[in-house]
Amino acid sequence: MGLIVQKFGGSSVADAEKIRHVARIITDTYDKGNSVVAVVSAQGGATDELIAKAAEINPEASQREMDMLLATGEQASCALCAMAVEVLKYPVISLTGRQAGIDSDDTHGNARIQSVNPQRILSELEHDRIVIVAGFQGETPNGDIATLGRGGSDTSAVALAAALNAQVCQIYTDVDGVYTTDPRLVPQAIQLDEITYDEMLILAHHGAKVLHDRSVALAKEKGVVLEVLSSFSGNPGTMVKSAIKHDNSRLVAGIAQEKAIFLSLSGIQNTDGVLSRIAALLAEKDISADLILKPAKVEEGATVCLGLKESQGEGVSQLLLEHSDSLGFHTLESNTYTRISIVGQELDRAPSISQRISQLLKNSNCSDPIMTFGQHRISLFVSEDDGIELLPLLHQMLFEETANQIPK
């Protein structure tokens, strides 16, 4: 028995029957003697409908007014879930982000939580009420509503769990937990019992969609134990925490994939410090990239390549062009790739894995693959067609054979 924070995504509250089901999950947890705080997202599709309505009125609406509008999606889900709990005859109250004490900065559309004052929630819990909070929103210093951007409801839940010193923060979604890779792409994917914050953070940053990287980073910072589980199956989920039982023997935790952009800066004559200057420019924008320096003939100059998320390509291209003189490149080219990232906290303890991956690339006839290395990560940039072929082969090698154990 303890205090449990539960978060339900848009697919979990998509219609009336699913909301009733969520109400039963919440009340079953309450019946076990726990205090319960639930955080809900907007119903599936509701945010897109609100954006479309805004476009009908004003396609260039200010971000402040968009936040006022979009926050109503979560508030509607919040109230509807509370009504469903009322039907079951349990004490319940719904709260907006502001009422729940979530304070944010004033970056409308992508605000960051600055602090949480949980006094109102604690008062309601002392009266044995179930508390349901609208996710994805906070209050700015001016008293305005600000939405928290991508993964905002996950972040709301983790922030509340930290402020309330919750026993666990359960993230309910439409899958049973965290898998070794996307089970929709590789049916042989294996559900993990547990995974470290660092591994989950890297997987989330490189395309795994079950959790958002901002919420995982906050959970790591605050020491909040997460459990990812399904709203629908009732099966045990995946625990996300600082240390796990297998972290001294398991080589790879999972494989993520995403669409990526590879930017090539050509014609660089003076390479001294160019990588550090590019890294500094990206760091100012909170952007991480895989950087590769390719030496070339003196008359042609060297080439620097940057591997990025597809969504970052246009903005980073513009940033680099603005600094082309100081960076010394003549040509900027952009190519689309699939980035496949193999993630494991113990990867550096088994360097032979990169050799196995290289051999697999040769055997699979991938066209001009590019391999990069990061902390706890090996990434492969390949074509989309090669990615479809390569992902199940990598999974078979790393999880269905014996390559996922560190040599003694």
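Is Glu 221 buried or exposed? Glu 221 counts as exposed, at 60% relative accessibility. Here, buried means under 20% relative accessible area, exposed means over 50%, and partly exposed lies in between (1.4 Å probe, protein chains only).

Welcome to this model, which is predicted: local features need pLDDT of at least 70, side-chain atom pairs count only at pLDDT 80 or more, and totals for chains, interfaces and linings use all residues. Residues are numbered from 1 along each chain as its sequence is written, and side-chain values use heavy atoms, with hydrogens and water left out.

The topic of this tour is salt bridges. The structure holds 16 of them, each being a side-chain nitrogen of Lys or Arg within 4 Å of a carboxyl oxygen of Asp or Glu.

| Salt bridge | N to O distance |
|---|---|
| Glu 17 and Arg 20 | 3.5 Å |
| Arg 129 and Glu 124 | 2.6 Å |
| Glu 221 and Lys 222 | 4.0 Å |

Elsewhere, salt bridges with shared partners link Glu 258, Asp 290, Lys 309, Arg 339 and Arg 377 into one network.

Glu 17 and Arg 20 sit three residues apart, about one turn of the helix, in helix α1 (residues 16–31). Helices are DSSP runs (H or I, at least four residues), numbered from the N terminus. Glu 17 is partly exposed at 45%, and Arg 20 is partly exposed at 44%.

In the remaining pair of the table, Glu 124 is buried, at 7% relative accessible area, whereas Arg 129 is partly exposed at 31%.

Definitions and conventions: Helix = DSSP H or I, 4+ residues; strand = E, 2+ residues; numbered from the N terminus.
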